[in-house]
Amino acid sequence: MPIELETIIGLEVHAQMSTKTKMFCSCDNDAFGKAPNTTVCPICMGHPGTLPVPNEEAINKAIMASLAIKCEIGEQNHFDRKHYFYPDLPAGFQISQYDFPLAERGTVTYDQTDSSGKIIATKVCKITRLHMENDAGKLMHRGTTSLVDYNRAGTPLMEIVTEPDLRNAEEAVAFVQELRRILIAVNASEADMFKGMMRFDASISLREVGTEKLNPRSEIKNLNSYKSLERALKYEERRLRKLWDKDGGPPPNDITVGWVDDEEKTKMLRNKETADDYRYFPEPDIPPLRFSKEEVSAFAKELPTLPREQREEYLKLGIDEKQAMQLIDQPKLRVIFDSVYKKTNDAKRTSSIVLTQLLGFLNSEEKNIEQAPEANMILELLECIDSGTISANAGKEVLGKMVQTGKTPKEIIKDEGMQQISDDSAIEELVQKAIEANPKAIESFKSGKEAALGAIVGWVMKESKGQANPAKVNEILRNKL
Ligand code: ZN
Ligand code: MN
């Protein structure tokens, strides 16, 4: 009988923290799009004699992330030096955490959904640890020359390590998607995949079903999209199965491989290094960090609603599964939705303005959510509608122009002369004119035909080019008759 094999996957996720400054110096942490080597200083360049100062904002964000993935915060933890030699690492060591990490023993519950967003399975992946460290710079290879940009050197990272609880590539992807949502929800990372703010190393091995032992694994380094994570795992799984068929068992030792996107295959890099290779020792320039139970529970009180509960709340508002996922996966869309809902307390109206109108206009302008008007501009538009400055219909037109031009609602209303006439004396004048111009309609209204009033209101609306406030017109007209 052929033996049955199962796939064992564990992940290491590096997420860049969304802080103002770098992990150990005051350099700008937002180097995206900036000229190479312009957001650097002697500290993040590893000059001798400089002293690192831990970034409090980064530590606070890492604590929030740790609590959101249900980890215990280490009462005492410290930084360690991890030594390796590479041109993108100016100090010759990374400041990381080794034996006393910030947080340990957590769990992430994640859902697997079908294409309509319906949950088909709910699973749990245990978290081994979360620790803080600084990032290295970036190497660029041009022909025979290599260039290095240190802007990224010193960027604060969280490294999140899972237990080998994942059983296939689909689970791995569903897990990292949920982890990303959580990191965004607690504002610890923007986790923008396009900007490389979230990167994965995946370990994969096979074992016979029914056995518990972990066999030598392949570690696939530096995957930076869901697609490459999924494809690399599937490729390596097939390779390991073939190897097992040939050799009758697992490979003899751990290896480190790279994923080559263009060739759709993994490539052997080296035998896997062990902790001994890094010569870890406690960072002598940074005192240990201590967190009391009281401090930790103060952080826990600040935890926001997490994505899976948030999704439930959206569903309860009557929003469908696909839209709920859209809101959770697009932080800016969610900020807009939440602030409109907070203001209107009307899910149907919010959904119509944000998910139908706004997304529709963005779509037809071929713009993405990042190019959408800010939430406070949408609120300004709502105010214009609710105060009667413009009608709801005109509001839709204004929103379209906001998306198109980036102007504020008030600018658009003014420029296009869209203000509704709500001024009593102006409307009275119009109503008086309407009464004089429509003697027949007035007659039939007076003889009891309610519907005739509509014709007179219609006349006023036409005369004012749609800008008279219809409710006001109605009120004044009734008073006069
Ligand atoms: Zn610096
Ligand atoms: Mn790391």
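Donors here are N, O and S atoms within 2.8 Å of the metal, and water is not among the atoms, so sites may look incomplete. Keep that in mind at the first stop. The model is predicted.

**Stop 1: the metal.** Select ligand 2, the manganese ion. Its protein donors are His14 through NE2, and Glu133 and Glu159 through OE. Along the chain, the donors are spaced H-x118-E-x25-E. Now colour two strands. His14 sits in strand E1 (residues 5-16), and Glu133 in strand E7 (residues 119-134). This pair is 119 residues apart and links distant parts of the chain. Both His14 and Glu133 are buried.

**Stop 2: the cores.** Select Leu11, Phe175 and Leu229. These have the most contacts inside the largest nonpolar core, which has 67 residues. Show helix H2 (residues 169-185) next: H2 supplies the largest share of this core, 10 residues. Zoom in on Phe175. Leaving out residues up to four places away in sequence, Phe175 touches Leu11, Val108, Tyr110, Cys125, Ile127, Thr162 and Leu166. Then move to a second, separate core of 32 residues, including Ile328, Leu355, Ile385 and Ile412.

**Stop 3: the cavity.** H5 gives the most, with 3 residues. Colour the lining by type: 3 residues are nonpolar, none are polar and 5 are charged.

Technical notes:
Residues numbered from 1 in each chain as written. Chains lettered and ligands numbered in written order. Predicted model: local features only at pLDDT ≥ 70, side-chain atom pairs only at ≥ 80, totals over all residues. Heavy atoms only, no water. Core = buried A, V, L, I, M, F, W, Y, C linked by side-chain atoms within 4.5 Å. Buried < 20%, exposed > 50% of the residue type's maximum accessible area, 1.4 Å probe, protein only. Helix = DSSP H or I, 4+ residues; strand = E, 2+ residues; numbered from the N terminus. Contact = heavy atoms within 4.5 Å. Donors = N, O, S within 2.8 Å, 3.2 Å for Na, K, Ca; no water. Nonpolar A, V, L, I, M, F, W, Y, C, P; charged D, E, K, R; others polar.
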